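Reader: I've got this one open in my viewer and I'd like to talk it through. Can we start with the packing and work outwards?

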Amino acid sequence: SLKILSKHKLKAALLAFPLVGITGAHRVLMGSEPYMPVVYLATVGGFGILPLIDFVVILATPARKLKQFEHSKKVFFWAQ
């Protein structure tokens, strides 16, 4: 349902917030590969840039369209 999707979106956005986002926890929540948090931690979240972009993209994307980013194998999941 839309309510569940909205809660999922909020959790992902909060985990992507730049201070927490460097852990890559939001990517785990979204079903990314297990190596993704390692990439985020090793690069300190791309020096904080990746989690910031992820945060904005997650907030700007309607909850029903977030599925397009789930289970992504890309570091830049929002890049087409």
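Reader: Which residues does Ala 16 touch, leaving out those up to four places away in sequence?
Author: Keep in mind that this is a predicted model. With neighbours up to four places away set aside, the contacts of Ala 16 include Gly 21 and His 26. The complete set for Ala 16 is Gly 21, His 26, Pro 51, Leu 52, Asp 54, Phe 55 and Ile 58.

Reader: OK, and which elements give two or more residues to the largest nonpolar core?
Author: That core has ten residues in all: Ala 12, Ala 13, Ala 16, Met 30, Phe 55, Val 57, Ile 58, Leu 66, Phe 69 and Phe 77. The elements that supply two or more of them are α1 (2-16) and α6 (49-60).

Reader: How many helices and how many strands are there in the protein chain?
Author: Read from the N terminus, the elements go α-α-α-α-α-α. The count for the protein chain is therefore six helices and zero strands.

Reader: What radius of gyration does the protein chain have, next to what a compact globule would have?
Author: For scale, the C-alpha trace spans about 35 × 20 × 20 Å along its principal axes. A compact globule with 80 residues would come out near 12 Å, and the chain agrees with that, because its radius of gyration is 11 Å.

Reader: Is Lys 67 buried or exposed?
Author: The structure holds one salt bridge, and the side chain of Lys 67 meets that of Glu 70 in a salt bridge at 3.7 Å, N to O. Its relative accessibility is 56%, and the cut-off for exposed is over 50%, so Lys 67 counts as exposed.

Reader: Which residues make the nonpolar surface patch of about 300 Å²?
Author: Take Val 20, which sits in helix α2 (residues 18-21). Val 20 has a relative accessible area of 38%, so this residue is partly exposed. The patch is made by Phe 17, Leu 19 and Val 20.

Reader: Last one: how much of the accessible surface belongs to carbon and sulfur atoms?
Author: Of the 80 residues, 35% count as buried. The accessible surface of the chain comes to about 4900 Å², and the part belonging to carbon and sulfur is 73%.

Technical notes. Residues numbered from 1 in each chain as written. Predicted model: local features only at pLDDT ≥ 70, side-chain atom pairs only at ≥ 80, totals over all residues. Heavy atoms only, no water. Core = buried A, V, L, I, M, F, W, Y, C linked by side-chain atoms within 4.5 Å. Buried < 20%, exposed > 50% of the residue type's maximum accessible area, 1.4 Å probe, protein only. Helix = DSSP H or I, 4+ residues; strand = E, 2+ residues; numbered from the N terminus. Contact = heavy atoms within 4.5 Å. Salt bridge = Lys/Arg side-chain N within 4 Å of Asp/Glu carboxyl O. Rg over C-alpha atoms; globule rule 2.2 N^0.38 Å. Areas by Shrake-Rupley, 256 points an atom, 1.4 Å probe, with all protein chains shown as cover. Patch = residues over 30% accessible without salt bridge, like charges linked within 9 Å, V, L, I, M, F, W, Y side chains within 5 Å.
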